[in-house]
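The sequence and the structure are shown first.

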Amino acid sequence: MNGATPTPRSHRPRRLPTAGVLRLGRTSDIWFKPATSAVIASAIPNVVLLCLGRLDLAMYTMAGSLCATYAHNRPYAGRARTLIGVVLGMVGCLAVALVVASLTDSVMVLITVGALLAALQKLLCDATRIGPPAHVIFAFISSAALFAPQTIGQVPGHIGLALASAALAYLVSMAPGLVRPQGPERRAVRGALRAAARYAGLPAGDPEAGPARANAAAAIQTGWQNLTVSGRRTEDRRALERLLIHAEVALSAPTPADPALLSGWAARLRGTGPVPRPAGQADDTELLGIETELAVSAPSLWQRLRPGGALFPVAVRTFLGCALAGYASFGLGVGRPYWAIVTAAAVSQANVTQSWRRSIQRVVGNLIGVLVFAAVVPLTHTGPTALVLVALAFNFGAEALMPRNYWLGSICVTPMALLVVEFAGRRPVGELLTDRVLDTLVGAVVGVLVSMAVVTRRPAHQLRTALVGARTAQRQARSALAAPARGTLEAAGRRLAFALIELRQARDIAAGEWWQSPLPEQEVLDVERDGHRTLAETVRAQGLVQGLGAGGTATGTGGSAAA
């Protein structure tokens, strides 16, 4: 690696954190959208089944209804494609699980198939970057279906129920586009402006400047990704591009930006009012916008899926964790240990530190959720209508609270999942609670132990690759500065910005591995500092600095580009 600093070969375990694991974060701006969509998509099939006296079929309709929890942060053009993939993946996994369940009663075989499906789901969700709730919902549906009594003749009908519910979930998720067709793009750009304003409002030398810059850069990249898949470029979308460029300038300009100006533009993006059109910006024909974003090379889907790729070791961890957790739980007397598989799948994260944090959150949330279920059981036993209403309430709570912290959402997920079991017929409450607690503890412990035991050097390798990529992008940007042409310079600047984001993400993942050689932290800091200085030069060369003063000369106190 050119310019790489040699790193020691010794390995040492890293301390696993406990502080802040249960701390509540800010809620999402659209927390109510996935919550409302999930409730509507679930309520309609449940009411129909309630009227028909067939609540025992609710598990199959739920498989389709839960598709409504995905892709709410994506523009509607991109959301449509994503939801189709989610529906096909969900129904496909359900079909495999039901066919296997109809062909064998061997618990060991069912556990193994469940673990294989969970690993495949983890791999595909990470490779496609589908976002929350990622692979966990898929694992929940397929694992539960594996242990549902089934005959081969019932499978087509159950798949049909899932498909019908999934079609309804698709319509529910796409319906807001009739009222606010540009809502997701506006929210993404608003988030980028607000993040840039937070950075610009920090005094020079503030220790929070580094994380604030990284957060703003990631928010800006998310904004460009949203605009990339938003369909036809309308005048409003061109205006959104210009606002994103202003956010980029706020991070890269050699002079401070005005945080009030950026915040004001962000506030005006709420609702359906006109998109702000800052004065002093170059003409649209000179702003490549989305075309420049498309020019940024990213790893192909096959590169991310291939066995030697960075995601493959995590998929191996997922398979081993789910399989061993299922076997252990079954050995301890749980007859249908699907929740142990789901818990191990949920614990399987990008690195050991994240797996450790998720295991604590999962255990705390599930144990409290079990107590909540015990408290509401008398109410649900008053009749099927009460059962359906309480389950829908927990469904809403799970989606609404999950963005605050995973453990808080799990408090609602656990009783909701237990109530689904009740749909098929009452089971002894004590048995349900004992199995769920045991499955949770076994799945969390085994999942973390497997994450520690399956040592991988891929994160460190990815970090070295990201360092090379950032240095290459910086050289290309400097070459463009030497012979500046507007389109070439802007494209080189965006490639460099993208490479710096990838470098920071690779560093964060590598830093969370438990047992590895020391990371080239100083080299990462040097590359980031030099890269941001180069970005500032590209901004100056493009003549975009004056764009910060659309409402007057910028007077903010944000840190410089080299901060």
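In this predicted model, Phe138 has a relative accessibility of 6% and therefore counts as buried, the limit being under 20%. Its ring is paired with that of Tyr70, a residue that is also buried, with a relative accessible area of 0%. The two ring centres are 5.5 Å apart and the planes meet at 50°, so the pair is tilted. Tyr70 lies in the loop between helix 2 (58-65) and helix 3 (76-103), while Phe138 belongs to helix 5 (residues 135-146); the pair thus links distant parts of the chain, 68 residues apart.

The count of aromatic pairs in the model comes to five. Another of them joins Trp31 and Phe32, whose planes stand at 85° with the centres 5.8 Å apart, so this pair is edge-to-face. Trp31, Phe32 and Phe396 form one aromatic cluster.

The relative accessible areas of residues in these two pairs are as follows.

| Residue | Relative accessible area | Class |
|---|---|---|
| Trp31 | 33% | partly exposed |
| Phe32 | 36% | partly exposed |
| Tyr70 | 0% | buried |
| Phe138 | 6% | buried |

Charged groups also meet aromatic rings. The charged end of Arg358 sits over the ring of Tyr406, 4.0 Å from its centre, and Arg436 lies over the face of Trp339 at 3.9 Å from the ring centre.

Val48 lies in helix 1 (residues 32-52) and is partly exposed, with a relative accessible area of 44%.

Overall, the protein contains 21 helices and two strands, and buried residues make up 53% of its 563 residues.

Note on methods: Residues are numbered from 1 along each chain as its sequence is written. This is a predicted model: local features need pLDDT of at least 70, side-chain atom pairs count only at pLDDT 80 or more; totals for chains, interfaces and linings use all residues. Side-chain values use heavy atoms; hydrogens and water are left out. Helices (H or I, at least four residues) and strands (E, at least two) are DSSP runs, numbered from the N terminus. Buried means under 20% relative accessible area, exposed over 50%, partly exposed in between (1.4 Å probe, protein chains only). Rings of Phe, Tyr and Trp (its six-membered ring) pair if their centres lie within 6.5 Å; planes under 30 degrees apart count as stacked, over 60 as edge-to-face and the rest as tilted. A charge sits over a ring if NZ of Lys or CZ of Arg is within 6 Å of the ring centre and within 35 degrees of the ring normal.
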